[in-house]
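Good morning. I will go through one structure with you, starting with its pockets and ending with its aromatic rings.

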Amino acid sequence: MFQLFRRFRWLYKKLRLRRLRYGIPLTVLAAYTVLGAYIFRHFELEIDEERRRKYRESTEYAFNQVLARMQEVRCEDKLVREDHNLQARHTKDALFWLIDYLNLTQVIEERSESSPWTWIGSMFYAGQLYTTIGYGLPACQTDAGRIATMAYIMVGIPIFLLILAEVGKWLSRALRKFYKRLRNAQQKLPEVEDMARKMSEPVKVGLF
């Protein structure tokens with residue numbers, strides 16, 4: 001990894017232009033992020049959407065089956081037993097209460113909602129890799145996506161380290177300039193105070 005970083009740095013120093021010394025690595029990183037988003041979407045999006053579709057169908061089927069079987073249970077309340085709509089509403093309320101009580105609502109919503117492998121979500125995943133943050137969401141589920149993740153990290157981390165090195169140099173120069181100006185201001189402060197004190201003194205006018 002370190003050797004790869006040194007090679008990237010050597011190539012960058014050979015090719016960079018002085019006016020574009022910060023623009024080139026940022027452009028490369030942005031392009032690499034978009035490339036990673038395309039790769040991960042290609043491997044994960046279709047399979048993830050199919051998995052979520054099957055989960056929604058199975059969840060709906062299980063819910064309807066439980067609902068139908070609960071309605072077949074003998075109800076002691078005559079009013080509810082004779083009103084099928086009221087019986088269905090009470091049964092649904094009981095099922096929703098059970099799901100919410102077991103904290104399954106969020107799990108079902110997360111697995112049933114749209115796939116996180118949008119362009120923004122895929123670029124977010126790519127950014128997690130080369131910044132080594134690793135939130136864990138989204139995560140590749142296919143073998144091809146996992147292999148692509150390992151290959152993507154091997155190239156992405158050196159590029160990101162190269163940019164961090166340039167940003168560090170820029171911050172160092174900016175802080176040195178700020179400190180130098182602050183020291184100059186501190187050195188001039190006594191002169192300014194002395195001048196202000198002289199200006200605040202009353203002017204003595206002589207009488208002839």
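**Pockets and rings**

Helix α2 gives the most to the lining of the second largest pocket, with 7 residues. This is a predicted model, in which local features need pLDDT of at least 70 and side-chain atom pairs count only at pLDDT 80 or more, while totals for chains, interfaces and linings use all residues. Residues are numbered from 1 along each chain as its sequence is written, and side-chain values use heavy atoms, with hydrogens and water left out.

A pocket here is an open set of points on a 1 Å grid over the protein atoms alone, where a 1.4 Å probe fits, with protein on both sides within 12 Å along at least five of seven lines; lining residues have an atom within 4 Å of a point. Volume is the space filled by probe spheres set on the points, which are joined across faces, edges and corners.

The second largest pocket holds about 290 Å³ of space. Of the 14 residues that line this pocket, T59, E60, F63, I99 and I108 are the closest to its centre. At least two lining residues come from each of α2, α4 (84–101) and α5.

Now the largest pocket, with a volume of about 450 Å³. It is lined by 16 residues, and D48, R52, E110, P116 and L137 are the closest to its centre. Here too α2 has the largest share of the lining, 4 residues.

What does the chain consist of? It has 7 helices and 0 strands; helices are DSSP runs of H or I with at least four residues, strands are runs of E with at least two, and both are numbered from the N terminus.

Last, the rings. The structure holds 7 aromatic pairs. Rings of Phe, Tyr and Trp (its six-membered ring) pair if their centres lie within 6.5 Å; planes under 30 degrees apart count as stacked, over 60 as edge-to-face and the rest as tilted. One of them is F40 with Y152, edge-to-face, at 5.4 Å centre to centre and 70 degrees between the planes. F40 sits in helix α2 (residues 23–71) and Y152 in helix α7 (residues 143–200), 112 residues apart. Both F40 and Y152 are buried, where buried means under 20% relative accessible area, exposed over 50% and partly exposed in between (1.4 Å probe, protein chains only).

F124 and Y135 are stacked, 5.8 Å centre to centre with 15 degrees between the planes. F124 is partly exposed, at 42% relative accessible area, and Y135 is exposed, at 59%.
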